[in-house]
Amino acid sequence: MPAMLEVKALRHRFGTGPGAHTAVEDLSFTVEAGELACLVGHSGCGKSTLLRCVAGLTRPTGGTIRLHGTEVDGVPPELAVVFQDYGRSLFPWLTVAGNVEFPLRSAGLDRRERASRARQALDWVGLADAHRRFPWQLSGGMQQRVAIARALASRPALLLMDEPFASVDAQTRFELEDLLRRVRREQDTTILLVTHDIDESVYLGDRVLVLSSSPASIVADLTVDLPAERDQITTRESAEFVALRGEVARLLRHRAVVGEAS
Ligand SMILES: Nc1ncnc2c1ncn2[C@@H]1O[C@H](COP(=O)(O)OP(=O)(O)O)[C@@H](O)[C@H]1O
Ligand SMILES: [Mg+2]
């Protein structure tokens, strides 16, 4: 059976001629159904470019992306994306429920089905009571939970997340990380998440794919051998966690030094 997601020899270059910039180079990996895979890399290394290519929002200049064996050409309907900037991703004139239902219209679901899916998705993220409120009445962390509910409501085969917790305070980030791991377990969602935060990649992931500095390619594919049940305090203190974050940090530092020298 083909992998859920297969990225092969991906390359993306912005512009042409002397001003051209290669953001992604010879990048390959696969994600299997049910996995939560984290891609970690320095700011500016090409993470968003890579994710936009996978989402079909940017057409790569080379390589192939296959979802269930079918080449991605345009935005695949079985895919949902959560961006870092929740403030701009929600419509201020729609209620929380309206925002979550919005993408379901184009999926051709009738009004009742849309409302029931939205209620269920808001329940998953602990916002069942906030459905009538407007985004601007909510905290940043709650707004990002709405964005996650909106992505989950379409029941995507693959959920892509681009630094989804980078704009919230540390305590809220911990809550959202635990929420993501719980929802993912309960709904059996496949997730590909990019972050610049080493600790976050290890805490969240079943796998951590380490990216080189610009242009991005994969330098290591590490299995996270931590228990499925994780805890923000005890997991982060465990010897396995500390060893793994050290390994990722060393890989990133080494790559940054090599990148500067070349
Ligand atoms: N539309 C664009 N045109 C030209 N260069 C771009 C564009 N988008 C991103 N870049 C460049 O590509 C590199 C990777 O950017 P990006 O994928 O946003 O990195 P990251 O998400 O890892 O911070 C950066 O050097 C950035 O300046
Ligand atoms: Mg980015």
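Predicted model: local features only at pLDDT ≥ 70, side-chain atom pairs only at ≥ 80, totals over all residues.
Let's start with the domains. Where they touch, five residues of domain 1 are in contact with eight residues of domain 2. And what is the class make-up on the domain 1 side of that contact? There are five nonpolar residues, with no polar and no charged ones.

Now to the sheets, beginning with the one made of four strands. This sheet is open, its order is β2-β1-β4-β5, and the pairing is antiparallel. Which strands stand at the edges? They are β2 (21-31) and β5 (70-71), and each has a single partner strand, so one side of each has no neighbour in the sheet. If you look at β5, you will find that β4, residues 62-67, pairs with β5 in the antiparallel sense over two bridges. L67 has T70 of β5 as its bridge partner. There is a helix to show you here as well: α1, residues 47-54, lies across β1 (5-14), β2 and β4, and runs at about 120° to β1.

Next, the other sheet. Six strands form an open sheet with mixed pairing, and the order is β6-β7-β8-β3-β9-β10. β6 and β10 (218-223) are the edge strands, each pairing on one side only. From one strand to the next, the twist averages 15°. Inside this sheet, β7 and β8 (residues 190-195) pair in the parallel sense over five bridges. One pair to click on is L160 with its bridge partner in β8, L192.

α5 lies across β6 and β7, at about 175° to β6.

Is α5 mostly covered or mostly open? Mostly covered: 12 of its 14 residues are buried. Among them are M142, V146, I148 and L152, but also Q143, Q144, R145 and R150. And what covers those buried residues? The cover includes the strands β6 (79-82) and β7 (158-162), together with the helices α2 (86-89), α3 (96-106), α4 (111-124) and α6 (170-187). After α5 comes R155, with a positive phi near 45°.

Terms used. Residues numbered from 1 in each chain as written. Chains lettered and ligands numbered in written order. Buried ≥ 20, exposed ≤ 12 C-beta atoms within 10 Å, placed from the backbone. Contact = placed C-beta atoms within 7 Å. Nonpolar A, V, L, I, M, F, W, Y, C, P; charged D, E, K, R; others polar. Pairing = 2+ DSSP bridges. Axes fitted to C-alpha atoms, helices over the stretch in contact; angles between N-to-C directions.
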